Amino acid sequence: MAAHRKPRQRSLGGQTARTAFTLALAGAATATAFDGTGQAEPNLTPAQVKARVAKLYQEAEAATEKYNGAREKATSAEQRLETLRDEAARKEEKLNAARDTLGSMAAAQYRSSGLDPAVQLALSDDPDQYLDGAAFAERAGARQSAAVTQVRRQLREIEQLRGAARVELTSLRTRQAELKTRKKTITGKLDAARRLLSQLTTAERAGIGEGTSGGGTGGRASRASADGRDSLPAPGSATAEAPNSRAAEAVSYAYSKLGSPYVWGATGPNAFDCSGLVLASYRSAGVSLPRTTYAQIGAGQHVSRSELLPGDLVFFYSGISHVGLYIGNGQMIHAPNPSAPVRVAPIDEMPFAGATRVV
C-alpha cells in the first residue's frame with residue numbers, strides 16, 4: 001500500500017520565479033499608484049504632467065490647511081496645559097503653607113499634653129490666667145478647623161486641575177499625531193509632483209511654467225528670474241481704491257512680499273503659504289485673522305465677485321483650500337504653491353469659491 005506523503009514544495013526557479021517577481025513588481029506599482037506618491041508614470045506629455053502636478057499641488061495645499069488647523073489646536077492645547085500646570089503649582093504652594101500651619105497647631109497641642117480643661121483649671125496656680133488661655137485655645141481650635149477645611153478644598157481643586165491637565169495632554173498628543181499624518185501627506189504629494197516634473201527637460205518645464213525646483217519636501221521654491229522684484233508692479237491705485245486704511249495697509253504689505261518663497265505652514269516674514277500670506281498682510285494692519293482658509297472665509301462680510309475691492313479675501317476650489325488678496329482689475333496677490341513664489345495672478349486662474357471683506 002503506497003504511503004500518503006505530503007507533496008514536496010517546489011522552489012521558485014527559472015520562469016516561475018521570474019513570473020512571480022514580475023507580478024510582485026506590478027502589485028507594488030499598483031499600490032503606490034493609488035496613494036499618489038509612487039514613481040512618476042512614463043510617457044506623459046508635458047501638458048499631462050502639468051495637469052497632474054497642478055492637482056497634486058492643490059491636494060497638498062488642502063492638506064496644508066488641515067495641517068495649519070491642527071497645529072493651531074495643538075498650540076492652544078499646549079498653552080492651556082501649561083496654564084493648568086502653573087495654576088496647580090501655585091495652589092500646591094498654598095497647600096504646603098496651610099499644611100505647615102496645621103503642623104504647628106498639632107505640635108502646640110502635643111506640648112500642652114492634651115489635658116482635660118477641668119483638670120488644667122484645677123491644677124492652675126492662676127485660674128484667671130487659665131480662663132483667658134482657654135478662650136484663646138477655643139479660638140485657635142476654630143482656626144484649626146478652618147485650616148483643615150481649607151486644605152481639603154485646596155486638595156480637591158488641585159485634583160481637578162490635574163484632571164483637566166490630563167485631558168489637555170491627551171488632546172495635545174492627538175493633535176501631534178494628526179500633525180505627523182498631515183505632514184506625511186503633504187510631503188508625499190510634493191515628492192510625487194517633483195518626480196513627475198523630473199521626467200521633463202528644463203525646456204519642457206519652462207514651457208509649462210514650472211521652475212526647476214519642482215517643489216521639494218520642505219516646500220521651499222527657488223525664485224525664478226521672471227518673478228524678481230525688479231519686474232514687479234507697484235501698488236499703484238490698489239491701495240487708493242481700498243475701502244479703508246487697514247485694507248490698504250494689507251495690500252501694501254502683500255505687495256512688499258512679492259517674490260517671497262512659498263513654504264507650507266509659514267506665516268512670514270520671509271516665506272508664506274496661501275493663508276499665511278493673507279494672515280500676515282492683515283496682521284501688519286493690526287487686524288487678527290484666523291489661521292486657515294476654512295476659518296478665514298467666515299471672517300468679515302461676504303461680498304460677491306462683482307463687488308470686490310482691493311483688500312478683499314478671494315477663495316478658490318469647492319473645498320476652500322486656497323486664498324489670495326484681491327488688488328483690483330481682476331487680479332490678486334497670492335502664494336501659489338512650492339513651484340512659484342508670492343506673485344500677482346488673475347483670479348480666473350482657479351475656480352472661484354467666494355470672497356469676504358474683513359474690514
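The largest nonpolar core of this predicted model has 58 residues, and those with the most contacts inside it are Tyr282, Leu289, Leu313 and Ile333. A nonpolar core is here a set of buried Ala, Val, Leu, Ile, Met, Phe, Trp, Tyr and Cys residues joined through side-chain atoms within 4.5 Å; buried means under 20% relative accessible area, exposed over 50%, and partly exposed in between, with a 1.4 Å probe and protein chains only. Two or more residues of this core come from each of helix H2 (46-111), helix H4 (127-198), H7, H8, S2 and strand S3 (322-328). Of these, H2 gives the most, with 13 residues. Helices (H or I, at least four residues) and strands (E, at least two) are DSSP runs, numbered from the N terminus. A second, separate core of 11 residues includes Val314, Tyr317, Met332 and Ile347. In soluble globular proteins, nonpolar side chains tend to be buried together.

Residues are numbered from 1 along each chain as its sequence is written, and side-chain values use heavy atoms, with hydrogens and water left out. Because the model is predicted, local features need pLDDT of at least 70 and side-chain atom pairs count only at pLDDT 80 or more, whereas totals for chains, interfaces and linings use all residues.

Helix H8 (residues 274-283) is mostly covered, with nine of its 10 residues buried. Among them are Cys274, Ser275 and Tyr282. Beyond four places in sequence, Tyr282 touches residues including Arg246, Ala247, Leu289, Leu313, Leu325 and Val359, where contact means heavy atoms within 4.5 Å. Leu258 lies in the loop between helix H7 (245-256) and H8. Why does Leu258 count as buried? The reason is its relative accessibility of 0%. Leu258 and Ile333 are 75 residues apart in sequence, yet their C-alpha atoms are 7.8 Å apart in space.

Strand S2 (residues 313-316) pairs with two other strands; pairing requires that DSSP find at least two bridges between the strands. S2 and S3 pair in the antiparallel sense over four bridges, with Phe315 opposite Val323 in S3. These two strands form a hairpin with five residues between them, and Tyr317 in the turn has a positive phi of about 75°. S2 also runs antiparallel to strand S6 (residues 352-357), to which four bridges join it; here Val314 stands opposite Ala355. Leu313 and Phe315 point one way from S2, Val314 and Phe316 point the other way, and all are buried.

Thr293 belongs to helix H9 (residues 293-296) and counts as buried because its relative accessibility is 0%. Its contacts, not counting residues up to four places away in sequence, include Cys274 and Ser275, as well as Phe315, Ile320 and Val323. A polar atom of the Thr293 side chain lies 2.6 Å from the backbone oxygen of Ile320.

pLDDT, the predictor's confidence in each residue from 0 to 100, has a chain mean of 76, and 68% of residues reach 70 or more. Among the elements, helix H1 (residues 14-34) has the lowest mean pLDDT (38), and S2 has the highest (98). Over residues 1-40 the pLDDT is below 50, and this stretch has 16 contacts in the model beyond near neighbours in sequence. The pLDDT also stays under 50 over residues 212-231, for which the model has 51 contacts beyond four places in sequence.

Note on methods
Polar contact = N/O pair within 3.5 Å; in protein donor to acceptor, adjacent residues only side chain to side chain.
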